[in-house]
Structures are given as structure tokens and as C-alpha cells.
Amino acid sequence: MKFRTMAIAAASAAAMVAGAGFATVAAAYEYTVPNLVYRTGPYAPNGIPLANGFIDYMNMLNERDGGIDGVKVNVIECETGYNTKVSVECYENLKNEGESGALIFNPHSTGVTYALIPKATADEIPILSMGYGRTSAADGTVFPYIFNFPATYWSQASVFVKYVGAKEGGMDNLKGKKIALVYHNSAYGKEPIKTLEVLAEKYGFELMLLPVDHPGQEQKATWLQVRRGKPDWVFMWGWGVMNQVAIKEAAAIRFPMDHFIGVWWSGSENDVAPAGDAADGYLAGTMHAPGRDFGAIKDIITHVYDKGNGGGDLDRVGEVLYNRGMLEAIFTAQAIRNAVKIHGTKEINGKQLRDGLEVLTVTEESLSADGLSNFMKPFKVTCEDHEGAGLIAIQQWNAKDQKWVLVSDWIEPMTDIVRGLVKEDAGAFAKENNITPRSCS
Amino acid sequence: MDFLYELLVQPFADMIFEPLFFIETVVKGLMAGVLYSLVALGFVLIFKASGVFNFAQGTMALFAALTLTGLMEKLDLGMPHWMLVILCLALTVVVMIVLAVVVERFVLRPLVNQELIILFMATLGLSYVLEGVGDLAWGSDVKVLDLGLPEGVWDIGGVFVEQLDVIAAVAAGGMVAVLAVFFSKTRIGRALRAVADDHQAALSVGISLQQIWVIVWSVAGLVALVAGVMWGSKSGVQFSLSLIALKALPVLILGGFTSIPGAIIGGLIIGVGEKVAEVFWYHIHGGAVENWFAYMLALVFLMFRPQGLFGDKIIERV
């Protein structure tokens with residue numbers, strides 16, 4: 001797989017050199033879409049499928065449709081190793097790349113998203129932190145260039161509480177229960193704390209906070225705390241090796257897997273594989289369905305993998321994180337189409353793409369047209385709301401069949417509570433940074 | 001007042017009134033400590049024989065585990081699992097010996113008599129090279145390492161003990177015994193120590209520096225393999241394994257860079273110390289102290305015994 005990746009990189013480099021050589025010849029206009037990826041380093045097992053899903057979908061569009069509305073998409077990957085400093089360097093190096101300039105960035109890290117918020121806002125380049133990043137960036141009046149649809153960490157935390165409430169026989173029964181949050185001790189892992197604290201107060205459950213330092217290779221003390229505190233449920237905001245070790249440690253203290261829910265970044269095949277049968281029944285949030293039984297993926301296989309141009313191994317296509325990377329590409333493409341329609345030109349820039357993102361409306365019809373029937377639920381982004389308040393489902397790992405299965409309906413977040421918190425936090429950010437919220441009317 | 005109570009009274013009261021839980025915490029700390037020691041051992045071996053702090057030791061553990069899992073995937077052609085495991089373990093040992101030869105020939109030999117900092121920087125480079133080669137050869141995916149080691153938990157009177165941890169402890173104990181005998185009782189062991197003291201003096205009495213370095217790097221490679229297997233069995237084999245080296249540093253500071261028993265005792269002290277501090281002083285710090293607590297503990301030792309608990313005291317005439 002790595003050799004193939006290298007071949008793609010070499011081919012891309014050759015193409016860029018060739019492009020430079022023919023700079024005097026009128027080169028076809030392209031949409032430049034950088035992607036901050038980590039195919040190396042400790043978080044590579046998760047970074048690779050995300051990157052593959054993204055580039056495969058864009059390559060499929062180039063192959064099948066000649067790009068987006070006839071304009072080719074040029075995906076430029078920059079290797080970050082999940083390092084914030086390197087990611088910012090990648091951003092600076094790529095923001096003016098290509099005729100269109102960088103149209104959008106996917107940081108693939110909450111920490112990097114935080115670092116890029118002021119830069120991208122000043123440069124008028126949208127950041128798509130799909131389902132991660134700073135939650136209060138959902139307030140488009142304060143964060144005009146940051147998007148975190150289809151749902152934020154706070155929405156997800158509220159959905160977990162709703163799910164637990166339903167399992168306990170009603171939200172009233174949460175009173176007196178204990179929920180532990182095992183989280184990556186970073187900006188990312190700390191995101192849901194505020195919401196969970198508010199919900200703990202509202203519903204009367206006790207919240208137990210258990211941070212785990214990077215990378216999370218050793219967690220015995222954390223799980224000793226779980227064993228001692230005897231929480232009824234454990235939520236996890238983990239990433240990389242932290243997930244795998246946590247699931248193993250949970251099994252080692254015989255914590256019931258069907259009371260252990262991971263955020264959607266803790267719910268991939270990578271996370272459960274090392275624990276083997278012990279991971280059976282482990283739960284995780286998700287914004288989309290797992291598997292490869294979707295038209296978009298079939299098109300990727302036909303137009304990319306069957307021609308030997310796949311970013312990774314064919315048998316990894318359809319894994320949870322692969323599908324998520326593909327989804328980022330699908331939304332990006334949709335936003336480009338919207339921007340072209342709004343501005344009446346195919347030669348758009350980042351600022352214009354922002355307008356396309358702000359009218360992103362995902363419906364059953366648009367999902368079907370994108371080959372994603374039953375893949376996720378509709379949502380709508382607006383100038384004010386960059387989250388879209390999409391629905392979230394719970395999936396469960398079936399160790400015997402080695403696959404994730406949706407085990408809940410699509411659950412609506414507690415929007416009333418989450419939106420209030422978003423407004424409050426965004427307002428504080430605006431005040432701190434002397435930002436005057438824009439008008440969306 | 002509350003702070004002082006939580007700092008000085010409550011933790012000890014908890015230890016007394018929750019004796020089973022305290023025992024379990026100590027046991028888990030000891031088991032974690034054994035795993036730290038396994039990594040620290042590799043550092044000690046190379047430092048003892050060459051005075052070089054081998055920055056690549058963590059990456060060697062990763063490389064060994066990657067090679068093992070990679071070979072097991074490639075050679076899984078229907079033979080019995082135990083046979084596959086033995087074959088792949090043997091092949092991985094060969095790979096680690098070949099690596100030792102290559103390191104000696106292309107990294108160390110050109111740097112004989114250079115400053116130790118130069119050799120250290122070379123191992124830093126080696127670490128990156130090994131990571132890159134491992135990535136190219138075996139890919140970056142999480143690999144499940146199934147050697148058939150027991151994975152369950154023993155419930156001993158309410159204290160949970162992981163079977164894999166016990167296996168690791170036995171492996172570490174066995175290795176220490178063998179290495180202790182090797183260093184103190186064999187001719188090669190004495191030669192290793194001579195080389196560590198002075199390269200040129202060792203050469204002048206007929207000790208082959210090249211041979212010694214190949215041997216010591218091979219042994220460190222085997223230790224890395226065992227460490228990689230134990231850690232990899234718990235988390236899957238993936239690139240974060242190379243970061244386990246960070247866990248070994250405080251162990252080395254505490255135990256001494258030149259002492260094999262020091263690596264073991266240091267590992268156990270760090271393991272128990274960080275677990276007890278994390279669990280029983282949780283109300284004070286709110287968790288996630290394991291990483292920095294180990295270094296703090298090591299620094300406290302450093303103030304009183306700069307050479308570590310068992311390290312050689314360096315006395316230089318000026």
C-alpha cells in the first residue's frame with residue numbers, strides 16, 4: 001500500500017514539475033484542494049484511511065466526470081505527522097497554491113483547527129473540521145470561515161446522554177447514575193467536558209473525569225480509577241493508540257462493553273481489532289453508516305481502484321474512517337458546486353467557497369444523487385449555523401462478523417442546550433478577540 | 001485545610017481502608033514497571049558497552065514487532081500457528097542480528113573515537129531510518145500480534161491480574177538473569193565492559209571493537225523484540241510503540257544507565273509510584289500525571305544520587 005502511495009506521490013510530483021515546465025502554455029484551471037494528512041507517525045493508522053477516502057473520491061470525480069462541473073480537482077497532500085507546528089507550516093506553504101489558491105483546508109486535528117482559526121479567517125480560506133475542532137465555531141457569525149458540520153462534539157455528548165437515558169428507561173433515571181469520561185488530555189479530548197457538566201447538573205448524574213496523556217500507550221491507572229469509581233457508563237474521547245489500549249484495559253477490568261461508548265473518532269476498525277473478541281459489543285457514535293454498500297463507493301472502486309489508481313488497499317475501502325474521508329470530499333465538492341452557482345463563475349476562490357459551504361443543504365435526494373442513500377441523515381448549514389445539527393447514531397462492534405452495526409435510530413442532539421452553550425462560548429471568544437459578530441440577515 | 005487533608009491524610013486513609021484496591025494498584029504498577037524495564041534494559045545494554053545513549057531503542061522495539069507481525073502475515077500459508085510463531089520469531093531474531101551488523105558497519109565503525117554526542121546523534125538518525133524502513137516494508141496500519149499468549153485476567157481474591165503482564169514479568173526476570181550472568185561471568189561480558197570504559201585501551205589489549213558492538217547491538221535487538229512483543233500484544237503493533245522509549249528514560253535516570261538490576265528496580269519503582277500517585281492523589285491533581293510524575297520522581301532521585309540507584313559513580317581526576 002505504501003509503495004502505491006509513494007507512486008501516487010511521485011506521479012503527483014512529476015505532474016507538478018511537468019506543470020511548472022509548461023507554465024507558459026495556458027494551463028487548465030483547477031480547483032486546488034490541499035489536504036493536511038498524516039500517513040506517518042503514531043496516528044498514521046487513522047490518518048491513512050481518512051486521507052485515502054478523500055483523495056479517492058476526488059480522483060473518482062476527475063475520472064468519472066472530468067472533475068467538478070468539468071474543472072479538475074487538484075488534491076495536494078501535506079504530511080503533518082499529526083504535529084500542530086508542521087500542520088501550520090503546511091497551511092502557510094499551500095494557502096496560495098494553484099490558480100484558485102487553496103480553496104479549503106481539512107486540518108484533521110482539533111489542536112490544528114484551533115491554531116488555524118485566526119489565520120484562515122484572516123486569509124479568507126474556509127476550514128472544514130468535519131465533526132471535530134472547536135465546537136463553538138458552529139456560530140458562523142463569530143467564526144465565518146470555520147465549519148464543523150454535520151455535528152459537533154457537544155451535540156455528540158448530548159446524544160450519548162440521550163442514548164444512555166433511553167437505555168436506563170428514561171432521562172429521569174439518570175439521576176444518581178455515574179458516567180466517566182475517559183479523554184485524550186488535549187484540546188480535542190477536553191471539548192465535551194463543558195456540555196457533560198451542564199447535562200450532569202440538569203439530569204442529576206455524576207460525572208467522573210479521567211484524562212489520559214498522549215499517546216495513551218499506558219492507561220492502567222485510569223482504568224484502576226474506573227474500577228474503583230464503578231461508573232455505570234464510560235464515554236471515551238480518544239484518538240490513535242489510546243483507543244486500542246482503553247478497550248483492552250476496559251476488558252481487563254471486565255467493564256461491560258455495551259456500556260462503553262466512544263466518540264466517532266474512537267469507533268473505527270483500527271480501534272477494536274487489537275482487543276479481538278474482548279471488544280465485542282463496544283459502542284461508538286457515528287455520523288454515517290459503515291460499510292461499502294453505497295453507490296459512491298462502488299463508483300470509486302470502478303473508476304479508481306479497477307484502474308489501479310487507488311490510494312490504499314481495496315479491502316480497506318468502506319472502513320469507518322475511509323468513509324469519513326470520502327464524506328469530507330463529497331461535502332467539499334458539493335460546496336464548490338454551490339459556490340460556482342452563487343457566483344456564476346467556475347473560477348472561485350476560498351472566500352467564494354465559504355458562501356458555497358454556508359448554503360450546503362444535504363437532503364435525501366442529494367444523498368441519493370451522490371450515491372449515499374441510507375448513508376447519513378439530512379442536515380442544513382447556514383450563515384449562522386455552521387454545524388447543521390445533524391443526527392447521530394450509535395454503532396456497535398460485532399467481533400464475530402468483524403463489522404460495525406448501527407444499533408440505534410438516528411438521534412437528534414439536544415440542540416436547545418448545545419446552541420445556548422455555543423452562543424455563550426462564541427460570544428466570549430468574540431469579546432476576548434474584539435470581533436464584531438457579522439450579521440447573517 | 002481541605003487541600004492539606006487531601007494531600008496528607010485522605011490518600012493514606014484510602015490505602016488503609018481499601019487494602020484490596022491498594023494491593024491491586026501496586027500489582028498493576030509492578031506489572032507496568034516490568035514493561036518499562038524491558039525497554040530500559042535495551043538502553044542499559046548499549047550504554048554499558050559503548051557509553052552511547054541509543055535513542056533508537058524504542059524504534060528498535062517497534063521495528064522488531066513490525067517485522068514479526070509482517071512476517072507472520074506473509075508466511076501464514078496454512079502451517080500450524082505455533083510453528084508459524086516459532087519460525088517468525090526465529091526469522092525476526094535473524095533480522096535483528098543483521099540490523100546489528102549493519103549498524104556496526106555503516107553507523108558505528110566510521111565514528112570510532114568520536115565524541116559520544118556524535119554517536120548519540122547517529123542513533124537519533126538511526127531511529128528515523130528504522131521508522132521509515134519499517135513503514136516502507138510493513139505499512140502503517142495497526143497490526144494485531146497473536147502469539148497465542150494468554151490474554152485473560154486472573155481474579156485472585158478480588159485482585160485482578162492480567163495474564164499477559166505475568167508473562168512479561170517472567171520474560172523480564174529470565175532475561176535479567178541471563179544478562180547478569182553474561183556480563184559478569186563470560187569473557188565476552190568482560191570485554192563488553194572493557195570497551196565501555198575506553199575504546200582505545202580495549203583495542204590495545206586485542207578486543208575487537210567491531211565484534212563487541214555487533215554482539216551488544218544484537219542482544220539489545222533481542223531485548224527490543226521482547227519489549228515490542230509485550231507492548232504490541234497489548235495495543236497492537238503500531239508506530240506509537242516507538243514512543244515507549246519515553247517511558248524508559250525516567251527508569252534509567254532512577255536505576256542508573258549502567259545497571260541491569262537498576263533498570264528492573266527503577267522500572268518497578270516508577271511503575272508503582274506513578275500508579276499510586278495517579279490513583280490515590282487523584283483529588284489533588286485530577287489525573288494524567290503518569291508521564292510527568294515518573295520524570296519528577298527520577299529528578300528527585302537525581303538530586304541525591306546523580307548516578308542513579310545502581311549506576312557507576314564517576315570520579316574523574318582534574
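Tutor: The following account treats the sheet and then its helices. This is a predicted model, in which local features need pLDDT of at least 70, side-chain atom pairs count only at pLDDT 80 or more, and totals for chains, interfaces and linings use all residues. Residues are numbered from 1 along each chain as its sequence is written, chains are lettered from A and ligands numbered from 1 in the order in which they are written, and side-chain values use heavy atoms, with hydrogens and water left out.

In chain A, seven strands make up an open sheet with mixed pairing, in the order β6-β5-β7-β8-β9-β12-β13. Its edge strands are β6 (206-212) and β13 (403-406) of chain A, each of which pairs on one side only. From one strand to the next, the twist averages 30°. Strands (E, at least two residues) and helices (H or I, at least four) are DSSP runs, numbered from the N terminus, and two strands pair if DSSP finds at least two bridges between them. In general, strands of a sheet pair through backbone hydrogen bonds, either parallel or antiparallel.

Helix α5 (residues 153-167) of chain A lies across β7 (233-237), β8 (260-262), β9 (283-286) and β12 of chain A, and runs at about 160° to β7(A). Helix α7 (residues 193-203) of chain A lies across β5 (178-184), β6 and β7 of chain A, running at about 160° to β6(A). Angles run from 0 to 180 degrees between N-to-C directions, and axes are lines fitted to C-alpha atoms, for helices over the stretch in contact; contact means heavy atoms within 4.5 Å.
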